[in-house]
Amino acid sequence: MRAITLIQPPRIVFGVDSLKQFTTDFNKSGYKKALFIIARSAKKSLNQVFENLLEQKVLVEVIEYTFREPTFSNYEEIVNDARSFNADCIVGVGGGSVLDVAKLVAAMQHNSQKLEEVVGINNLSGRSAGLICLPTTSGTGAEVSPNSILLDETTQEKKGIISPFLVPDAAYIDPLLTLSLPPKITAETGIDALSHCIEAYTNKFSHPVVDEYALKGIELIARNLHKAYIDGGDVEARSAVALGSMYGGLCLGPVNTAAVHAISYPLGGKYHIPHGLANAILLPEVMDFNMPANVHKHAKIALAAGVEEKETEKATAGAGVERIRELACSCGIPTKLTDIGVTKDSVDELTGLAMKVTRLLKNNPREVTYEDARNIYLRLFE
Ligand SMILES: [Fe+2]
């Protein structure tokens, strides 16, 4: 078994009312100036937290994140505001976009490096501010991962900044913060989390340590996402999906994603399709493509998702792909790219952009050629 390094937040608090634990821990932390970068929807949940921190004489500044998926210029705007406040701790509260920006701000506010210099793997020189993340969606796993993804609007490419300095000091994952999430976002973000687990499990560089997280995440999300989609107030289902999402996030550092994410990024870059939605449409199609490369693991995915064992491993694996397709469908995910406004004449451009995401394509269990990627897009128009 080859060696693998796991870099995770030193403190992960998971479960109902973790938010209360955040306040208690923060008050003991010694931080004096906290900058909260938050989703607007998270504001109400934080009123009590702000009151408590102010009582403890913590200086609090709040930046409301009002953009969609973050671009280079969105990030620059926020980091400039952050620099003028000069916090000793950055707290991100929101979905993946908010957390990705908060993570980068924490690492860059006292850093002379330019954004272009830190894009890629292990280019960040450090992080001097504290960093705490509280997710309000169950999707990206950004609260435990070393990744931040921004859109470079000049090239329409989603670019990753990957560094151990982007792993937060603490993550508080409170399923109660996800209760008010609309069904559509629940579905899209949940399938994004599922794709993190599936892409790590079937990854060319998969590892038994990470396989454990991935398979458990697949089981939790595949068996509970529809319940959370139908009844957003189902705390048990929300907790199960949140846990699955956390496992997905823990896969992202040591193993990371593959062709689903690579082929989905151009849909975000060119058409501004939300990350989760783009992945959700692509996931069954890419699983179908990848299955021959590792039938055994695809059969294990099927069983984890609740499929009954068939006569052959191949049949079980195939039923698993169908199960994931049905899950997406039952959660209202469209099956065609035309349903989300993508036109067939852009397929060559999309394919060209996808082939540039070599940092993820290299992880795919089956080699993806230009023709393969193009065909995957094309099948989503049939
Ligand atoms: Fe993702």
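# Aromatic pairs and charges over rings

Tyrosine 31 counts as partly exposed, because its relative accessibility is 22%; buried means under 20% relative accessible area, exposed over 50%, and partly exposed in between, with a 1.4 Å probe and protein chains only. The model is predicted, so local features need pLDDT of at least 70 and side-chain atom pairs count only at pLDDT 80 or more, while totals for chains, interfaces and linings use all residues. Residues are numbered from 1 along each chain as its sequence is written, and side-chain values use heavy atoms, leaving out hydrogens and water.

Rings of Phe, Tyr and Trp (its six-membered ring) pair if their centres lie within 6.5 Å; planes under 30 degrees apart are stacked, over 60 edge-to-face, and the rest tilted. Phenylalanine 26 and tyrosine 31 make a tilted pair, because their ring centres are 5.7 Å apart and their planes stand at 40°. Tyrosine 213 and tyrosine 247 are stacked, with 5.8 Å between centres and 20° between planes. Tyrosine 213 is in helix 7 (residues 208–230) and tyrosine 247 in helix 8 (residues 235–252), so this pair ties together parts 34 residues apart in sequence. Helices here are DSSP runs (H or I, at least four residues), numbered from the N terminus.

| Residue | Relative accessibility | Class |
|---|---|---|
| Phenylalanine 26 | 2% | buried |
| Tyrosine 213 | 18% | buried |
| Tyrosine 247 | 19% | buried |

One aromatic cluster is formed by Phe22, Phe26, Tyr31, Phe36, Phe50 and Tyr172.

A charge sits over a ring if NZ of Lys or CZ of Arg is within 6 Å of the ring centre and within 35 degrees of the ring normal. Lysine 33 lies over the face of phenylalanine 85, 5.0 Å from the ring centre. The charged end of arginine 366 sits over the ring of phenylalanine 289, at 3.9 Å from its centre.

Definitions and conventions:
Helix = DSSP H or I, 4+ residues; strand = E, 2+ residues; numbered from the N terminus.
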